[in-house]
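Subject: A structure for you to explore

Hi there,

Here is the structure I promised to pass on. Have a look at it first, and then read my notes below.

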Amino acid sequence: MSLYSFEAKKYGRSPTFSILILCTVWAGSYSMDRHSLNLHFITCSKTALASSIALMTSVVYANEAEVSQLPTITVNATQNTNDLYSSKKVNLSGFQTGDIKKIPASITTITSERMADQHAKTLTDVVKNDSSLGDGYAAIGYYPNFVARGFSLDLGSSYLINGHNIRGEQNVALENKERVEILKGISAIQSGMSTPGGVVNYVTKRPVDVKSITVDANSEGGYTLATDVGGFLTDNFGYRINLAHESIHPNVDHANGKREFGSVALDWKINDRSKLLFDIEAQHQSQRSVPGYQLIGGQVPTNVDEDRLLGYQSWSKPVVNNSVNSSLKYQYAFNDQWNGSLSASQSRVVIDDNSAFPWGCYNDNCEVTGLGNTFDKHGNYDIYDFRSPDDTRITNQFAAGLNGQFNTANIQHQVALELQRTYKTLKHHTPLNVAVGTGNIYQDTIDYIPSSESLGDRYKALESDQTAFTISDRVQFNEQWSTLLGGKLIHLDEQAYNSDGQQSRDTDLNKFLPQLALMYSPSVTTNLYASYAKGLSDGGEAPWYAEANAYQVLAPRNSEQFELGVKQQVQNFLLTAAIFDLKQDNQYTTTNSEGKLEFVEQGEQHNQGIELGLTGALTDTVDVSSGITYTKSRLVDVDTDSYRGHQTQNVPKLRATAQLSYKVPLVEGLRLLSGMQYSSSKYANKEATAKVGGYSVFNIGAAYKTNFAGHDTTFRFNIDNLFNKKYWRDVGPFMGDDYLFLGNPRTAQFSTTFNF
């Protein structure tokens, strides 16, 4: 059986091919120092972009007689216009099917076409398509995190590229992504150790015959230049290369930045039974982070300026984030029923974390009660010179898998086996964090003298070695009934260290994490399921002010899930409903018996809710993606009375989203777009004494695909936050403290994609 078939004729390399692949592969090497890497990456990216733009110009304006024609390339592929915004297939492992309606779990897919129409730059722009997700300390200029079903995702294991674990401490680029798959709920089989919120899987673009340039700009003055080049060097060897340069201009003053990105995907069909897949992407981002507000006198700030950078100091350096994600996968088909795979991947993130950071209020002007770790009632705060350079986080992963099917009597089995080894390390300095001045949320700051103190020693904070064996069997009894019986046996050998190099924790555990489901299909268009799963996620890191164990990483947390769901296909759209019940060990900062603040594990977070979704083509001209989620979230069995008996922080009871696309019948290629995000009110602190109001945000846009100078060209225009709603989008905790982030004001965006 042929694994896949390239139906393309060989043609010569494009003029930019050598530049693109050398830039990306060399940029992916960290044998250089970071400064040299950044300069090289920027230079190469701009050179390749200039080369591509020059090529595009020549295509448009050159005399046909002077242009050497490339041989014809035939690609047997069809694009259903109803599939522009939704994918009926996913490549998440563990379900023994890629058919989304037959998977016993709640999954959302966002295609590259939808991301392009929405001008999405980061995952923050993508998650607005799912009503179960929201921001969870997603500061501008910093790496974001997110909340799914009321649980924060795990930066160490909740993010994947093509099924391989990556570090979450990065703004993963979208230029080379075919789609984003969001699996909600416990996902031990898919990602190993992860939170009950779920996982985000980025699926990269594979080789096809494509050459395009995209220019994107917004009303704040930011712009992006991107190129997408792909093709086949032989009938069996294809490449896909993406490059991007972004000049970042948010709505906040003094927070401009830049981003350089490059990626290479290579597919080699060795023979009819085997193929080799290679992916590498590298990114450099430099931008001042935008700190969040804190409560003032225990209340939510009012009448604040959307464009003010709190704590601004002219000498403060930007946050610099360098990331490289790479993977190599070999696949072999033994016969029509059985195939195997070997894979290796690495995700490496190096962060220079710098900030003039506004936090708390301990100076003589402050009027506070209690600890003083919030702004005072007049909006006064302290400014800290915070520096944590060379914060390095690495995940290496190796896996061997076997998939196949067989029958026992009249029962069909689809089996998956995998042996996986995952190695994680975390190394950083004891950060410099010194108060240097004061500020007020209603006034611009003055410059203070930066701290002259030295950084603490650099040390290894965490070393984690995880070996896991996964087995999963999808058993089909008849056309109506089937089960999914599986689980992951994990052996975890993990050590945490203090800043003096002394070991603070040694974890050696063996744990089996079951993932079970019963499915019933009364008809070919209806699927019902009941599922049960257990999970294990990385322990949290103690905040700096936890006197008893500052910066210590706690032991992994346990989780458990029950879920009932139904998926109903109606012509070209899919109706979904899921009821979930999730529990996870709770970790937080409290006062210990010695009167010191200590980061501990105590009690559980218990979330229950229901999700409803509608995705697909309602008619030949109307496409919809919508959802509504109700979540009840509580902390139970914790000693702090004020944390119990109410909705947990940053989890709205109700969240909804809707995205509509209308294909105008009278204008070929024109789509009109609209979108809405709704959130009910949510608490801004753990005690539930401060609450931010709910909000509704509306977006409109259009996409027009036409022919320009003989080449396919797409123009896109969007206005986000059409009515300029001022709202608090994110009030999540981070490292034990509570922060509030404003949503973006009205912003217009325009882009042109030119295929040549």
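Let me start with a term: a salt bridge is a side-chain nitrogen of Lys or Arg within 4 Å of a carboxyl oxygen of Asp or Glu. Side chains of opposite charge can pair when their charged atoms come close.

Some background before the findings. This is a predicted model, in which local features need pLDDT of at least 70 and side-chain atom pairs count only at pLDDT 80 or more, while totals for chains, interfaces and linings use all residues. Residues are numbered from 1 along each chain as its sequence is written, and side-chain values use heavy atoms, with hydrogens and water left out.

How many salt bridges are there by this rule? The count comes to 35.

One of them joins D228 and K205, whose closest N and O atoms are 3.7 Å apart. Strands here are DSSP runs (E, at least two residues), numbered from the N terminus. Both D228 and K205 are buried, a word that means under 20% relative accessible area, whereas exposed means over 50% and partly exposed lies in between (1.4 Å probe, protein chains only).R308 and D444 form another salt bridge, with 3.2 Å between the closest N and O atoms. This pair also links distant parts of the chain, 136 residues apart: R308 is in the loop between β13 (274-287) and β14 (319-333), and D444 is in the loop between β18 (432-440) and β19 (458-476). R308 is buried because its relative accessible area is 15%, but D444 counts as exposed at 63%.

Next come R421 and D465, where the closest N and O atoms are 2.6 Å apart. At 42% relative accessibility, R421 is partly exposed, while D465 is buried at 18%.

Salt bridges also link E113, D117, R671 and R716 in a network.

Finally, here are two backbone details. D637 has a positive phi of about 60° although it is not a glycine, and N650, also a residue other than glycine, has a positive phi near 65°. D637 is found in the loop between β26 (622-636) and β27 (654-663), and N650 is in the loop between β26 and β27 too. Are these two buried or exposed? D637 counts as exposed, with 63% relative accessibility, and N650 counts as buried, with 4%.

Enjoy exploring!

Methods: Helix = DSSP H or I, 4+ residues; strand = E, 2+ residues; numbered from the N terminus.
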